[in-house]
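Got your viewer open and a selection tool at hand? Let's walk through this model one selection at a time.

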Amino acid sequence: MYSILNKVIIFSAPSGSGKTTVVNHLLSVMPELGFSVSATTRKPRPHEQNGREYYFLDENDFKKKVENNEFLESEEVYTGILYGTLNSEVQRLWDLGKTVIFDVDVAGGVRIKQKFGDNALSIFLRPPSIEILMERLKKRSTEVEHQMQMRIDKAQYELNFENQYDIVLINDKLEETLAKAEEIVKNFINS
Ligand code: ADP
Ligand code: 5GP
């Protein structure tokens, strides 16, 4: 299916754990990484652009692509909201010579790791506690109240997945997390 097989890095965690913050930092200091832009049926947030944070698709288009086997993995992460990684996106980044970095939910992360095996490093980013996770989600304030509750409810369940990951990184002090993430990813790429 893929013309070349390169390394991939998977970051996964409950919403609000700090994936976007860590992944954006890594992208800013490591030009060899390429962010896998997922497809989703959720509406763009005010600052988001199609093709940068996500490919924003309507539900029909998304489902057609599922039927045509165009996704590496896809999932209804929240009720009625679909997310998925297109095979074409991974190939696009590999063709540019990039190591692909994914920001996906915990189940998607496990599936991608299964597909790529030793070519993949999966990192579970854990908040120091569920209370701190709730504070960070509230501070980010990108969700309306019922969506926030949905994310918090799901987080409790998602925290059970950490033992299916290669590495668990606790995101307490941000500077320390960023430094550790950089070290882990560089070691894997150079191994
Ligand atoms: P995710 O992508 O996992 O949903 P974000 O990267 O959007 O999470 O982080 C959620 C919020 O928490 C953001 O407002 C971010 O600035 C903040 N944040 C991330 N890491 C830390 C940290 N170590 N300490 C305090 N705030 C943090
Ligand atoms: P958000 O709506 O906050 O951007 O993302 C919600 C959740 O969907 C996050 O946990 C994010 O990692 C996850 N997600 C984003 N893209 C994908 C994807 O392609 N596949 C899967 N399984 N989850 C994704």
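Begin with helix α1, which gives six residues to the lining of the largest pocket, the largest share of that lining. Keep in mind as you click around that this is a predicted model.

**The pocket**

Now show the whole pocket. Its volume is about 1,000 Å³. If you want to centre your view, pick Lys-19, Thr-20, Arg-45, Asp-103 and Arg-140, the closest to the pocket's centre among the 42 residues that line it. Next, colour the elements that give two or more residues to this lining: the helices α1 (19-29), α5 (130-140) and α6 (145-158), together with the strands β5, β6 and β7. Switch to colouring by residue class, and the lining divides into 16 charged, 14 polar and twelve nonpolar residues.

**Ligand 1**

Select ligand 1 next. Where is ligand 1? The space it takes is the largest pocket. Of the 13 residues around ligand 1, bring up Gly-16, Thr-20, Thr-21, Arg-140 and Asn-171, which come nearest.

Helix α1 turns up again here: three residues of the shell around ligand 1 come from it, the largest share. Both α1 and α5 supply at least two residues each to this shell.

- Gly-18 has a polar backbone atom 3.0 Å from an oxygen atom of ligand 1.
- Ser-17 places a backbone N or O atom 3.3 Å from an oxygen atom of ligand 1.
- Asp-172 has a backbone N or O atom 2.8 Å from a nitrogen atom of ligand 1.

How much of ligand 1 does the protein cover? On its own, ligand 1 has 570 Å² of accessible area, and the protein covers 80% of that. Colour the shell around ligand 1 by class and you will find seven polar, four charged and two nonpolar residues.

**Ligand 2**

Move on to ligand 2, which also sits in the largest pocket. Colour the strands β5 (71-78), β6 (81-86) and β7 (99-104), the elements that give two or more residues to the shell around ligand 2. Strand β5 provides four residues, the largest share of this shell.

Which residues come nearest to ligand 2? Of the 17 residues around it, they are Ser-38, Arg-42, Tyr-54, Glu-73 and Tyr-83.

- Glu-73: an N or O atom of its side chain is 2.7 Å from a nitrogen atom of ligand 2.
- Asp-105: its side chain has an N or O atom 2.7 Å from a nitrogen atom of ligand 2.
- Tyr-83: a polar side-chain atom lies 2.5 Å from an oxygen atom of ligand 2.

Ligand 2 exposes 510 Å² when taken alone, and the protein buries 95% of that. By class, the shell around ligand 2 holds eight charged, five nonpolar and four polar residues.

**A last view**

How values were computed:
Residues numbered from 1 in each chain as written. Chains lettered and ligands numbered in written order. Predicted model: local features only at pLDDT ≥ 70, side-chain atom pairs only at ≥ 80, totals over all residues. Heavy atoms only, no water. Near = heavy atom within 4 Å. Polar contact = N/O pair within 3.5 Å; in protein donor to acceptor, adjacent residues only side chain to side chain. Areas by Shrake-Rupley, 256 points an atom, 1.4 Å probe, with all protein chains shown as cover. 1 Å grid on protein atoms, 1.4 Å probe; cavity = no way out; pocket = protein on both sides within 12 Å on 5 of 7 lines; lining within 4 Å. Sits in = over half its atoms within 2 Å of the grid points. Nonpolar A, V, L, I, M, F, W, Y, C, P; charged D, E, K, R; others polar. Points joined across faces, edges and corners; volume = space filled by probe spheres on them.
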